[in-house]
Amino acid sequence: MIDGDEKTFWITTGMYPHEVLLGFKGATATVTKIRTWSYHIKKLTVEKCTEAQPTKFEKIVETELSDKAGAMQIESFTINSTMGPDVKYLKIHVASGWEDFSSIHSIIVEGDTVEAS
């Protein structure tokens with residue numbers, strides 16, 4: 001899902017909701033855009049965490065995706081500059097789907113990172 005290979009993906013196991021947690025390897029990021037490639041996701045939320053441990057999250061994206069009738073859902077979300085800085089973790093929350101199972105094939109997070117000192 002984050003390795004750039006279209007053949008690898010994350011799939012739900014049935015009942016919703018499901019979550020994916022992404023970290024920046026000890027760095028912080030200023031997130032400016034998030035792009036997703038998925039199938040059958042209906043309601044998607046992206047939350048950020050600026051804490052050292054991924055315990056307190058704040059929504060930065062909340063959307064309902066169109067049913068593409070089996071075609072890939074390609075989405076791009078521009079992040080407001082006040083919502084994007086100092087991000088240590090992102091939580092991708094799949095609240096519901098158009099089918100019993102949904103999948104995420106790629107997530108690309110754009111912006112700048114600052115290594116931890």
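How many bridges pair strand S3 with S6, and in which sense? The legends below describe close-up views of a predicted model.

**View A. Strand S3 and S6 pair in the antiparallel sense.** Strand S3, residues 28-39, is joined to S6 over 6 bridges. Within this pairing, Lys-33 stands opposite Thr-78 of S6. The two strands belong to an open sheet of 4 strands, ordered S1-S8-S3-S6 with antiparallel pairing. Its edge strands are S1 (10-11) and S6 (73-78), each of which pairs on one side only.

View B. Strands of a sheet pair through backbone hydrogen bonds.

**View C. Strand S4 runs antiparallel to S5 and also to S7.** Strand S4 comprises residues 41-49 and is joined to S5 by 6 bridges. Two facing positions illustrate this pairing: Glu-47 stands opposite Lys-59 in S5, and Leu-44 stands opposite Thr-63 in S5. Towards S7, the count is 8 bridges, and Cys-49 stands opposite Tyr-89 of that strand. Of the 9 residues of S4, 7 are buried, so this strand is largely enclosed by the rest of the structure.

**View D. Lys-91 is a buried residue of strand S7.** Strand S7 spans residues 89-97. The relative accessible area of Lys-91 is 15%, and the residue is classed as buried because this value is under 20%. Leaving aside neighbours within four places in sequence, Lys-91 is in contact with Glu-19, Val-20, Leu-21, Thr-45, Val-46, Glu-47 and Phe-57.

**View E. Phe-9, Ile-11 and Phe-101 make a nonpolar surface patch.** The area of the patch is about 300 Å². Phe-101 lies in the loop between S7 and strand S8 (103-114). With a relative accessible area of 45%, Phe-101 is partly exposed, since the value falls between the limits of 20% and 50%. Strand S1, an edge strand of its sheet, covers residues 10-11.

Methods
Residues numbered from 1 in each chain as written. Predicted model: local features only at pLDDT ≥ 70, side-chain atom pairs only at ≥ 80, totals over all residues. Heavy atoms only, no water. Buried < 20%, exposed > 50% of the residue type's maximum accessible area, 1.4 Å probe, protein only. Contact = heavy atoms within 4.5 Å. Pairing = 2+ DSSP bridges. Patch = residues over 30% accessible without salt bridge, like charges linked within 9 Å, V, L, I, M, F, W, Y side chains within 5 Å. Areas by Shrake-Rupley, 256 points an atom, 1.4 Å probe, with all protein chains shown as cover. Salt bridge = Lys/Arg side-chain N within 4 Å of Asp/Glu carboxyl O.
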